[in-house]
Amino acid sequence: MNSLLAWLDDRTGYKSLVNEALYENIPGGSRWRYVWGSTLVFTFSVQVITGLFLWMCYSPSSRSAWESVYYIQYEMQGGWLLRGIHHFTAQAMIVLLALHLVQVVIDGAYKAPREVNFWLGLILMQIVLGLALTGYLLPWDQKGFWATNVATNLMVLVPVVGSDLQKIVVGGPTYGHATLTRFFALHAGVLPGLLIMMLGLHIAVFRRHGIKAASMDKRPDQKFWPDQVLKDAVACLAVLAVILFFVLRGAMHEGHAGEPIQARLGAELGAPADPASQYSAARPEWYFLFLFQFLKYFHGATEVFGAIVIPGMVMGMLFVMPFIGRWKLGHGFNVGMLVVLGIGVAALTAVALVEDRSDKVYKDAVRTAEEDSARAIELAQSPRGIPDVGATSLLRNDPKTQGPILFTRHCASCHAHEAPASESEGNRHSISSRDPSAPDLYKFGSRDWITGFLDPAQIDQGTRFFATTVHKDGEMVSFVKDTLTDPDQWTKQQIDAVITALVAEAGIETLDPNNEQLQTRLEEGRELLKDAERCAMCHKFYDENDDAYGPDLTGYRSRQWTIDFIKDPAHERFYGDSNDRMPAYGKDPDNPKNNILTQREIELMVDWLRGDWYERGHEVNE
Amino acid sequence: MADSTPDVTENPEAIAGEDRRGFVTRLMAVICGGIAGAVPFFSGLVVILDPLRRKGGGKGFLRVATIDSVPDDGIPRMFPVVTDRTDAWNRYLDEPIGTVFLRREPGSTKLECVNAKCPHAGCNVDFNIPDRQFHCPCHDSNFEANGIRISPESCPSPRDLDTLTVDPERLQHGEVWVDFKNFLTATTDKIENE
């Protein structure tokens, strides 16, 4: 064995390499305070290892990035752990970098002969920040998308080449496939490659000058191996423990009902990036918050100072520290500058956090973002899965998500949808109207709604039914108030039969087919609706009815009925000439471009109004 | 290794000749090595600069809404701008490519249109109905309902919201067609992002 190793050493010289690496002299012996550099090398190694594995599962395109990250996080075994470690180690690296820098400056380790190494360290810091910035975009979720957008939009401020530079980085005028391929190549290839080169130089130069001895007390020198290595290894384990704590932290608090555990473990994944959405919760990662806050103080044309000149000057000041340090008071000045910088960064971060905490709009936006994120996951995990057009279509084609948006945009100036606060539906589902002149459409077509409608005490009260339309003083109201209240003409049981028959038409609530009494009631109601002396005096119900001038009750409030109604409420099947102000949203089937809403938009809104959307655990509805 | 080093220390002429030859050798080494390295590098550089010659730019007038969907109450309403969109090798039909706010003064048939993108850093602004203000969720720029900055001296945005042209002829027929464009952010001037 020994002769084999001797042969190998003769051919490669590995022994001197190992000796150089392990038996470096540490003046004054091993110390805990020397561990920070090693923890940084450790965290970088963790990033390389976890990053390579993530690479094996990640697909950089605007149609597959979110999808593949979703798959890693929610479907692949242990994916949340791998991603969680990568995510939180990135943050640990930033913290350790800051500590390392502070220590180097305080110890004066930047001074001659270690200037070059100090500069190499600052370059390494830039590379790590670059890795953080490029990595934030890769999951292609709303948060990363919008935060990174801000960063690349500000590139325009770079003098002369700004807009060209932006285009090269983004890969075109807008975000898309090319942005991801570029960011991914930077994140997984260019920047780590540069980092390894610079780190090699950093360590080589560090070894050349040796460690900057901490203090004057004369303890015997030690070798790097094994005393310092043990301390370094313990420190690395401690760092790993902190990282794992953050990865697993979510397991401690309870999640929402039905929510997969992966939603709380490791790194979060927002809703898929949608450039056309109104995303109001855009914030950079916490370590860039100070820059974000700093930008708020620069107005109009002074922006370039906040975004480029001042941060550039601060970096410049750090670079000249070794020269400043040569003067008598230079070291004190450098330490002071770093303290001021640290206080500034901490204060700006604190202000950003405090402002956000007291900002109701922002807090609502964060809540909406969380709901969208949970909803996107729920839909991705539904039996339909993610369609080939990509995950953005999940929310775009989801009645639960789009219904409130479309309703607010197109209906809420007249109609309200005042839903009681409910955890499962979120706060977006209760929509007030500024000037409610038409019915509140919350649960319209339900038994409760129809019962209220046929109740003389309710029909003309408030804004739940006819509100302030002309129908408030119309025939239906006098019928309910005068005729329905006459027990000689309408018994309570008959009214209930009509309600039952209408509920069956709407099809929102299912009637138990095994309940014989209910089925008899249903048949009775259908007869009453067809009765030419009763409902059919004004309304059509299946049979031909030339006298009908009120809305057709065939399929009343069913999906198709409601879609057709929204398309053209003044159609003779509905209100005809007596339609009061409601626009036709899709009157022209031959020229869809002439309509206010597309067929799909109307369907989304109607499905939402009818509560007909996919919910986890209610797969029957699908 | 030491054995094979040529001995050139004896003859001064040989040294001078060796220097000349050495210069040429060094020059050739740099040139050959440089070309060998530059060809792959520049072939990559050309490709990566491709976006510079691509034009995004406006897509002409696009139908956004009908005038009926913009009540004349002075409140801006948000509409997606939908058209076909190309993302590198994919073409998407009828996709939202941006967002605009449309607004009509009481009793007016004139329509104002602004791009929802904040001119500061490109986040989408939102309209706050109680305050009657546009608010940018990113760096707190505020704008009046007509898109003018509320206090230009303290607003992070370098310019007012970007107005877009509404086709007056089609508006007379009740249709809102907008000449949709995106502009460079963070600049004082409104420069189209092509």
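In the predicted model, the contact between chain A and chain B draws on 41 residues from chain A and 45 residues from chain B. On the side of chain A that touches chain B, at least two residues each come from helix H7 (142-153), helix H8 (162-170), helix H9 (177-209), helix H15 (360-380) and helix H17 (399-410) of chain A. Sorted by class, this side of chain A consists of 19 nonpolar, 15 polar and 7 charged residues.

One residue of chain B that meets chain A is B:Pro51. B:Pro51 lies in the loop that runs between helix H1 (12-48) and strand E1 (61-66) of chain B. When neighbours within four places in sequence are left aside, the contacts of B:Pro51 are A:Lys167, A:Ile168, A:Gly171, A:Gly172 and A:Ala178. B:Pro51 counts as buried because 20 other C-beta atoms lie within 10 Å, the cut-off for a buried residue being 20 or more. Within chain B, the C-alpha atoms of B:Pro51 and B:Leu184 are 16 Å apart in space, and the two residues are 133 residues apart in sequence.

Chain A as a whole contains 23 helices and 2 strands. Its radius of gyration is 34 Å, whereas the globule rule gives 25 Å for 622 residues; the value is well over that of the rule, so chain A is more spread out than a compact globule. Along the principal axes, the C-alpha atoms of chain A fill a box of roughly 110 × 65 × 45 Å. Of the 622 residues in chain A, 37% are buried. Contacts in chain A between residues at least 6 apart in sequence were also considered, and 65% of these join residues at least 24 apart.

The axes of helix H20 (residues 492-506) and helix H21 (residues 516-530) of chain A come within 7 Å and cross at roughly 95°. This angle falls in the range of 65 to 115 degrees, and H20(A) is therefore roughly perpendicular to H21(A). From H20(A), the residues that meet H21(A) are A:Gln494, A:Asp496, A:Ala497, A:Val498, A:Thr500, A:Ala501 and A:Ala504. Their partners in H21(A) are A:Leu518, A:Arg521, A:Leu522, A:Glu524, A:Gly525, A:Arg526, A:Leu528 and A:Leu529. By class, the contact of H20(A) with H21(A) comprises 8 nonpolar, 3 polar and 4 charged residues.

Conventions
Residues numbered from 1 in each chain as written. Chains lettered and ligands numbered in written order. Predicted model: local features only at pLDDT ≥ 70, side-chain atom pairs only at ≥ 80, totals over all residues. Axes fitted to C-alpha atoms, helices over the stretch in contact; angles between N-to-C directions. Helix = DSSP H or I, 4+ residues; strand = E, 2+ residues; numbered from the N terminus. Parallel < 35°, antiparallel > 145°, perpendicular 65-115°, else oblique. Contact = placed C-beta atoms within 7 Å. Nonpolar A, V, L, I, M, F, W, Y, C, P; charged D, E, K, R; others polar. Buried ≥ 20, exposed ≤ 12 C-beta atoms within 10 Å, placed from the backbone. Rg over C-alpha atoms; globule rule 2.2 N^0.38 Å.
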